[in-house]
Amino acid sequence: MAAAKSNTNWFAVGISIAVVVVLVALGGLVVFLNNQASDPGTAPQSAIVNEETGAITFGEGETQVDTFVDFMCPICGDFEDAYGEQLQTAAANDEITLNLHPISILDRYSQNTEYSSRAAASVYCVAAEAPDSALDYFNLLFENQPAENTAGLTDDELAALADQVGAGSAADCIADGTYMRFVASQTNEHDIQGTPTVEIDGERIENSEIASRFATILG
């Protein structure tokens, strides 16, 4: 009886140890996944990227205009058609400071290719590798904007567009998806629920007010 009791005790101890090991492993996995989810990723280093806000910045005007866009978003394409040239001209003349935020909320509409994230990350690649070409590349992405529920452009096609505006050096960065996690962190940090989102001097503007507010700023 004593031997049997001893064996039973060792068995229970073994089970307890196994349970503890499993719980520790699960705890470690949870911590790892949480760290991965909150990891802001590699931040692009560029004279035109604001380290605090993540914005790609043009102009030195007193009025700050921030636009948050998703390159799969058709309304963002309409927004750029309506206001992009005016905003960029005003920034070039230092009438405003234009802060562009490439973000990603529409990956679900690109047939599992994560086009929104890849396109946004590619803009940061160009901003880091060839800042003088960043605005031309930004515009070219909208000129070649894919429709929702398509696969979007491939990395090679994005790199080809970058090369077209003199940013061929960004090809490896685009292929590696270097700034995709940074895009995700910026989207979350700025609490972007829809695109385009516009802020003027830090104030988030309702879509119905954008036209009148821009008319005041841009004349």
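Student: Is aspartate 191 buried, partly exposed or exposed?
Tutor: This is a predicted model, and in it aspartate 191 has a relative accessible area of 46%. Buried means under 20% and exposed means over 50%, so aspartate 191 counts as partly exposed.

Student: Okay, and where does aspartate 191 lie?
Tutor: Look in the loop between α7 and β4. Its backbone is worth a look too: phi of aspartate 191 is near 55 degrees, a positive value in a residue other than glycine.

Student: Why point out a positive phi?
Tutor: Because most residues other than glycine have a negative phi.

Student: Switching to helices. At what angle do α3 and α7 pack?
Tutor: About 105 degrees, and their axes are 8 Å apart. Angles of 65 to 115 degrees count as roughly perpendicular, so that's how α3 sits relative to α7.

Student: Which residues make that contact?
Tutor: From α3 you have Ser117, Arg118, Ala120, Ala121 and Tyr124, and from α7 there are Met180, Phe182, Val183 and Gln186.

Student: How many of them are nonpolar, polar or charged?
Tutor: Six are nonpolar, two are polar and one is charged.

Student: Now the sheet. What's the strand order?
Tutor: It's an open sheet of five strands, ordered β1-β3-β2-β4-β5, and the pairing is mixed. The edges are β1 (56-58) and β5 (203-205), each pairing on one side only. On average, neighbouring strands are turned by 25 degrees against each other, ignoring direction.

Student: In what sense do β2 and β3 pair?
Tutor: Parallel, over seven bridges, with β2 covering residues 63-69 and β3 covering 96-102. As one example, threonine 63 has isoleucine 96 of β3 as its bridge partner.

Student: Last one: which strands does helix α2 lie across?
Tutor: Helix α2 (residues 74-92) lies across β1, β2, β3 and β4, and it runs at about 145 degrees to β3.

Technical notes. Residues are numbered from 1 along each chain as its sequence is written. This is a predicted model: local features need pLDDT of at least 70, side-chain atom pairs count only at pLDDT 80 or more; totals for chains, interfaces and linings use all residues. Side-chain values use heavy atoms; hydrogens and water are left out. Axes are lines fitted to C-alpha atoms, for helices over the stretch in contact, and angles run from 0 to 180 degrees between N-to-C directions. Helices (H or I, at least four residues) and strands (E, at least two) are DSSP runs, numbered from the N terminus. Angles under 35 degrees count as roughly parallel, over 145 as roughly antiparallel, 65 to 115 as roughly perpendicular and the rest as oblique. Contact means heavy atoms within 4.5 Å. Ala, Val, Leu, Ile, Met, Phe, Trp, Tyr, Cys and Pro count as nonpolar, Asp, Glu, Lys and Arg as charged, and the others, Gly among them, as polar. Buried means under 20% relative accessible area, exposed over 50%, partly exposed in between (1.4 Å probe, protein chains only). Two strands pair if DSSP finds at least two bridges between them.
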